[in-house]
Amino acid sequence: MVNLVPSPESVMDILTKTEAYRKGHFIYPNGKHASHYFQMPLAFRYYDNARIMSVGLSRLFRMERAIASRLPKVSIISPSPGGIMVAFGVREALSAEQIYWAEIEDGKRQFRQYIGGDIHPAIIVDDILRSGRAMAETVALVKELGSPGNRDRRDREI
């Protein structure tokens, strides 16, 4: 049987070969220290790598009934410009209709792209997860805009 989702070992192999997996001493903006760092754009600069990882991630999303039942009427959102490549890859793999990315402006995370009316239920993806703050702020921003998936059941996130 063909693996539909790449194994952690094969993903690490891609990240190591492209030097996207970095070892050293890193201090994140939140002040936390780490002995390694993932610089995903280095892996995503090669189309085949981007496709393998994006399709694998999209397949994980398709396994979730709450997500699969709403496709393709979903928005793929990145909390920052750094995750745009991941968001575009997942959008393409899911045939989702929209992509947005948030940016920090005047100290607040917000969308600079025009959003008229409601946005579709959202899948939020990024190139790295550190403290979870960017994700939490983006979830709050999507809820504030009134994503239909959050209007009826604000306690449930897809």
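Reader: Hi! Quick one on Glu 19: is it buried or exposed?

Author: Glu 19 is exposed in this predicted model. Its relative accessibility is 54%, and it counts as exposed because the cut-off is over 50%.

Reader: Thanks! Where does Glu 19 sit?

Author: You'll find Glu 19 in the loop between α1 (8-17) and β1 (21-27).

Reader: And what about the phi of Glu 19?

Author: It is near 60°, which is a positive value in a residue other than glycine.

Reader: Which loop holds Asp 106, and what is its phi near?

Author: Asp 106 lies in the loop between β4 and β5 (108-111). Its phi is near 55°, again positive in a residue that is not glycine. Asp 106 is exposed too, with a relative accessible area of 77%.

Reader: Nice. Changing topic: which residues does the cis peptide bond join?

Author: That one joins Leu 71 and Pro 72, with omega at about 0°. Pro 72 is in the loop between α4 (65-68) and β3.

Reader: On to the sheet, then. In what order do the four strands come?

Author: The order is β5-β4-β3-β6, in an open sheet with mixed pairing. β5 and β6 are the edge strands, each pairing on one side only. On average, neighbouring strands are turned by 30° against each other, direction ignored.

Reader: How many bridges join β4 to β5, and do they run parallel or antiparallel?

Author: Four bridges join them, and the two strands run antiparallel. Within that part of the structure, Ala 102 stands opposite Phe 111 in β5.

Reader: Which strands of the sheet does α5 touch?

Author: α5 packs on the sheet and touches β3, β4 and β6. The direction of α5 makes about 165° with that of β3.

Reader: Which residues of α5 are buried?

Author: In α5 (residues 84-94), the buried ones are Ile 84, Val 86, Ala 87, Gly 89, Val 90 and Leu 94.

Reader: Handy! What do the buried residues of α5 pack against?

Author: They pack against the helices α2 (40-44) and α3 (47-62), and also against β3 (75-78), β4 (98-105) and β6 (122-124).

Reader: Last one: which strands does α6 lie across?

Author: Helix α6 (residues 133-145) lies across β3, β4, β5 and β6. It runs at about 50° to β5.

How values were computed:
Residues numbered from 1 in each chain as written. Predicted model: local features only at pLDDT ≥ 70, side-chain atom pairs only at ≥ 80, totals over all residues. Heavy atoms only, no water. Buried < 20%, exposed > 50% of the residue type's maximum accessible area, 1.4 Å probe, protein only. Contact = heavy atoms within 4.5 Å. Pairing = 2+ DSSP bridges. Axes fitted to C-alpha atoms, helices over the stretch in contact; angles between N-to-C directions.
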